[in-house]
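The following explanation leads the reader through a protein structure, one topic at a time. Please keep the sequence and the three-dimensional view at hand while reading.

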Amino acid sequence: MQPEKFYYDNKIVRNFGIATVIWGIIGMLVGLIIAIQLYKPEMNMHNQYTTFGRVRPLHTNAVIFAFVGNAIFMGIYYSLQRLMKARMFSDVLSKIHFWGWQLIIVSAVITLPLGLTTSHEYAELEWPIDILITIVWVVFGINMFGTIIKRRERHIYVAVWFYIATFVTIAVLHIVNSVEIPVSFFKSYMVFAGVQDALVQWWYGHNAVAFFLTTPYLGMMYYFLPKMANRPIYSYKLSILHFWALIFIYIWAGPHHLLYTTLPGWAQSLGVVFSIMLIAPSWGGMINGLLTLRGAWDKVRDDVTLKFMVVGLTAYGMATFEGPMLSLKQVNAIGHFTDWIIAHVHVGALGWNGFLTFAILYWLVPRIYKTELYSKKAASFHFWIGTLGILFYAIPMYWAGFTQGLMLKEFTPEGILKYPSFLETTMRILPMHVMRSVGGALYLTGVIVMAYNLYKTAVQGKLVANEAAEAMPLEKLPPHASTERWHRRLERKPVLFMVASLIVILIGTFIELMPTLTISSNIPTIASVKPYTPLELQGRDLYIREGCVNCHSQTVRPFRSETERYGEYSKAGEFVYDHPFLWGSKRTGPDLQREGGKYGNSWHYNHLMDPRLMSPGSIMPNYDWLITQKLDTTTTGAKIRGMQKLGVPYPAGYDKIANEDLDKQAKGIADNLAKDHIKVKSNKEIVAVIAYLQRLGTDIKAGKTANN
Amino acid sequence: MFRQFTEHISGNQVYLLFSLFIFLVFFIVVTVLLLMQRKQHTDYMSDIPLQDCTEENIKLLKP
């Protein structure tokens with residue numbers, strides 16, 4: 001049998017590499033701008049399209065799906081071809097995948113600042129873009145499985161298992177978390193409400209971290225680290241155990257984002273237990289990576305790619321130890337909603353995803369351009385300034401998190417809150433926020449230096465777009481193959497492998513989600529909780545458009561420190577009409593669940609116009625455009641019909657007369673504001689936002705009044 | 001002890017215990033399969049990334 005000659009497609013790898021660097025710089029720059037906005041709100045340039053609430057999702061989407069996403073595809077397209085000893089299945093599909101993914105990112109860049117968002121964290125993009133994501137993901141899947149099927153290597157290396165698990169799980173997560181009813185071309189309502197929506201969202205959110213930020217990177221680690229160190233992985237058996245245990249356990253851990261909320265207690269406990277168990281496979285992977293360098297540590301001293309890999313793996317180890325610790329209820333009670341979580345996330349993102357990406361770029365670009373790296377000194381500078389950047393970012397954020405978390409819980413000896421004003425705790429941590437932006441700027445500087453270094457490397461070499469290779473074609477299996485061990489057989493059957501991975505992740509999914517989604521007694525209803533009025537519904541959608549949920553939670557946990565500060569703790573039945581839920585994950589400002597009736601309409605008007613008028617020192621941006629912009633009431637009917645389809649009990653035909661009720665309520669608020677000498681027309685957006693804010697958390701009080 | 005334990009399980013806690021049981025079974029099965037793997041095979045698998053079949057490398061390797 002003669003060896004077959006074929007060519008690796010390096011051009012697609014190069015394209016994804018360029019996209020990684022460009023989007024990385026943009027995503028990190030946006031992150032730096034919003035970090036500065038948290039102590040200098042005027043950095044939004046008094047523009048609604050660049051306020052923190054609207055741009056924060058742009059930062060997260062840009063770094064997760066644009067920077068990390070393109071890096072994943074770069075790494076997969078390079079390593080898959082070599083591990084399979086085959087060119088990618090289809091050049092056309094590779095191109096569709098590349099340009100389709102960039103189109104999705106550009107759509108995000110346009111729609112998110114416009115306020116077109118579902119408000120589901122890390123899944124903010126509206127339904128037409130969701131469909132586009134599905135199509136592009138399927139294209140990627142066909143191309144990947146096509147390559148695996150036409151391979152010249154019988155057995156599938158562990159890196160490819162991680163790629164397969166990534167593909168199948170992200171597909172499931174994206175579809176389930178995007179089940180929504182469109183009410184217009186760029187507006188939809190989530191099918192699930194309240195507690196159910198929260199569970200689905202954090203099952204998705206946590207596993208987006210698991211299967212987008214972790215498993216593909218572990219796959220790349222298992223390929224690129226042995227290549228860089230020129231030695232096999234420390235223990236292949238450990239990598240198998242790592243793979244199966246990780247994908248089995250990870251899928252269950254989502255509820256640790258919802259501790260002390262109204263999610264059923266058993267689901268919270270399940271999330272905690274599996275989060276703790278997650279330490280074992282995570283550290284198994286980290287140790288396997290670090291021990292691969294056993295006996296080769298001298299290489300780390302000289303090779304910048306290995307330096308990045310070592311710090312990246314260490315950051316992975318730190319983040320995956322801290323994650324389970326944060327899921328302990330006692331720790332979570334302090335850390336949740338604070339900057340501690342921001343520090344935790346960024347140790348993973350900057351250290352693990354960032355540094356692994358940089359290592360791969362430094363290793364891969366000179367190879368596909370058949371040249372040497374332009375400047376090793378510049379790469380070394382990048383490593384050190386990047387490491388310093390992580391430290392300058394993470395340490396102040398940990399400090400801010402501990403400080404604010406503890407201040408919010410502190411009582412005086414007399415038994416009253418020591419810091420009753422939330423703002424006092426915010427102002428205390430502003431110096432840490434300044435330090436954090438310095439850390440971010442250092443990190444970004446390193447990335448810009450890397451971009452220049454890689455550009456010069458590319459210029460001095462020449463891209464080998466089609467790299468010639470040779471391998472023997474796959475022979476027919478020998479007769480004894482049927483007696484092979486079970487796992488060995490699985491390693492050469494990609495479709496069966498995908499099905500096995502799917503079954504493993506679906507076990508946790510079904511057991512965790514189904515009881516809450518299907519057993520109505522898990523979500524007790526409250527008679528006094530009524531659907532939102534049309535004006536409140538429109539106000540809620542403006543709240544979503546402005547991204548208020550990025551800074552304000554709407555769930556009061558059952559702690560004395562929270563019930564004293566905000567009011568009665570949240571009940572599951574209060575959220576049954578909340579499509580989507582708006583509990584939030586970070587309190588840059590106070591919780592708003594019991595905001596209704598706390599202040600007068602004029603207070604809210606003045607506060608939205610200029611927060612510093614009512615709360616001196618506030619870091620919230622002005623929302624003065626709400627005063628001048630007219631509320632779009634042409635959508636009211638469609639929104640009511642959408643809600644009716646989801647089971648919200650508006651009377652039949654109400655969609656036709658909803659605007660009459662809307663006008664009546666709006667006039668009432670405008671008249672009330674006029675009494676405080678505030679002249680505003682009832683058709684302005686601010687009236688709807690005030691109506692919504694004044695409704696928050698009041699149903700339960702109404703119920704109590706009725707009972708009394 | 002086991003009886004006392006089962007008597008005190010309330011309603012939904014069975015989901016938690018059932019989940020842990022499934023994982024335990026799964027983990028044991030994977031571990032057993034792993035221990036049964038031949039060293040020759042794992043050595044072969046772990047060497048796959050180091051095999052470089054680019055034409056340039058093959059030329060270098062030819063005598």
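The accessible surface of chain B comes to about 4600 Å², and 68% of that surface belongs to carbon and sulfur atoms. The model is a predicted one, and every value in this text is computed from it. Chain B has 63 residues, of which 30% count as buried. Its secondary structure consists of four helices and zero strands. Read from the N terminus on, the order of the elements in chain B is therefore written α-α-α-α.

The next topic is the cysteines. A disulfide is a covalent bond between the sulfur atoms of two cysteines. How many disulfides does the structure hold over all chains? The count is zero. A:Cys548 illustrates this result, for it is in no disulfide, and the nearest cysteine sulfur, that of A:Cys551, is 8.4 Å away.

Rolling a probe the size of a water molecule over the atoms shows where empty space is left. The count comes to seven cavities of 30 Å³ or more. The second largest cavity has a volume of about 210 Å³. It is lined by 24 residues, and the closest to its centre are A:Ser119, A:His120, A:Glu121, A:Val549 and A:Asn550. Which elements give two or more residues to this lining? They are helix H2 (52–84), helix H6 (194–212) and helix H20 (534–545) of chain A. The largest share comes from H2(A), with four residues. Sorted by class, the lining of the second largest cavity contains eight nonpolar, 10 polar and six charged residues.

A:Thr403 lies in helix H15, which spans residues 376–409 of chain A. With a relative accessible area of 18%, A:Thr403 is buried. A polar atom of its side chain lies 2.6 Å from the backbone oxygen of A:Trp399. A:Arg152, by contrast, is found in a loop, the one between helix H4 (127–149) and helix H5 (158–177) of chain A. Its relative accessibility is 19%, so A:Arg152 counts as buried. The side chain of A:Arg152 reaches the backbone oxygen of A:Lys85 at 2.8 Å.

How far apart are the C-alpha atoms of A:Leu93 and A:Gln538? These two residues are 445 residues apart along the chain, and their C-alpha atoms are separated by 42 Å.

A:Pro580 has its place in the loop between helix H21 (560–565) and helix H22 (601–609) of chain A.

Two further residues have a positive phi. A:Asn230 is not a glycine, although its phi is positive, at about 55 degrees. A:Asn230 is located in the loop between helix H7 (215–229) and helix H8 (236–250) of chain A. A:Phe337 is likewise a residue other than glycine with a positive phi, here near 75 degrees. The place of A:Phe337 is in the loop between helix H13 (329–335) and helix H14 (339–368) of chain A. Which of these two residues is buried and which is exposed? A:Asn230 is exposed, because its relative accessible area of 57% is over the limit of 50%. A:Phe337, at 3% relative accessibility, counts as buried.

Terms used:
Residues are numbered from 1 along each chain as its sequence is written. Chains are lettered from A and ligands numbered from 1 in the order in which they are written. This is a predicted model: local features need pLDDT of at least 70, side-chain atom pairs count only at pLDDT 80 or more; totals for chains, interfaces and linings use all residues. Side-chain values use heavy atoms; hydrogens and water are left out. Buried means under 20% relative accessible area, exposed over 50%, partly exposed in between (1.4 Å probe, protein chains only). Accessible areas come from the Shrake-Rupley method with a 1.4 Å probe; for residues, only the protein chains shown count as cover. A disulfide is a pair of cysteine sulfur atoms within 2.5 Å. On a 1 Å grid over the protein atoms alone, a cavity is a set of points where a 1.4 Å probe fits but cannot get out, and a pocket is an open set with protein on both sides within 12 Å along at least five of seven lines; lining residues have an atom within 4 Å of a point. Grid points are joined across faces, edges and corners, and a volume is the space filled by probe spheres set on the points. Ala, Val, Leu, Ile, Met, Phe, Trp, Tyr, Cys and Pro count as nonpolar, Asp, Glu, Lys and Arg as charged, and the others, Gly among them, as polar. A polar contact is a pair of N or O atoms within 3.5 Å; within protein, one must be able to donate a hydrogen and the other to accept it, and residues adjacent in sequence count only if both atoms are side-chain atoms.
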